[in-house]
Amino acid sequence: MFHGESNFQQAAVRMLRTNGYFCFSVPNGTKLSQTQARIAKAEGLLKGVSDLIILLPQEAIFVEFKNPNGRGWLSPEQKAFEKEVKGLGYR
């Protein structure tokens, strides 16, 4: 994750948690060995999953952070994840 994107996400998490929201990240960008990656995939790791998930009563919001410089874009896996999430009625 680029520093700008990471800083943006960290600030959002601080703001959300300060205001009482329950949110968590999915560490998909973590570098893993081949063995760790194979195990993580078998345990459910999925490319394209959102950077942050915010849980509200009866609702989940999936957030993908991009560098605030406006140069970020969704990967094909992120687009597929977004389509799946929206198809299930989530934001």
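Select leucine 55 to begin: its relative accessibility is 36%, so this residue counts as partly exposed (buried is under 20% relative accessible area, exposed over 50%, partly exposed in between, with a 1.4 Å probe and protein chains only). The model is predicted: local features need pLDDT of at least 70 and side-chain atom pairs pLDDT 80 or more, while totals for chains, interfaces and linings use all residues. Residues are numbered from 1 along each chain as its sequence is written, and side-chain values use heavy atoms, without hydrogens and water.

Leucine 55 belongs to strand β2 (strands are DSSP E runs of at least two residues, helices H or I runs of at least four, numbered from the N terminus).

Next, display the open sheet, whose three strands are ordered β1-β2-β3 with antiparallel pairing (pairing requires at least two DSSP bridges). Its edge strands are β1 (22-25) and β3 (59-63). Four bridges connect β1 with β2, residues 52-56; cysteine 23 faces isoleucine 54 of β2.

Finally, select glutamine 58 in the loop between β2 and β3. Its phi is positive, about 65°, although the residue is not a glycine. Glutamine 58 counts as exposed because its relative accessibility is 85%.
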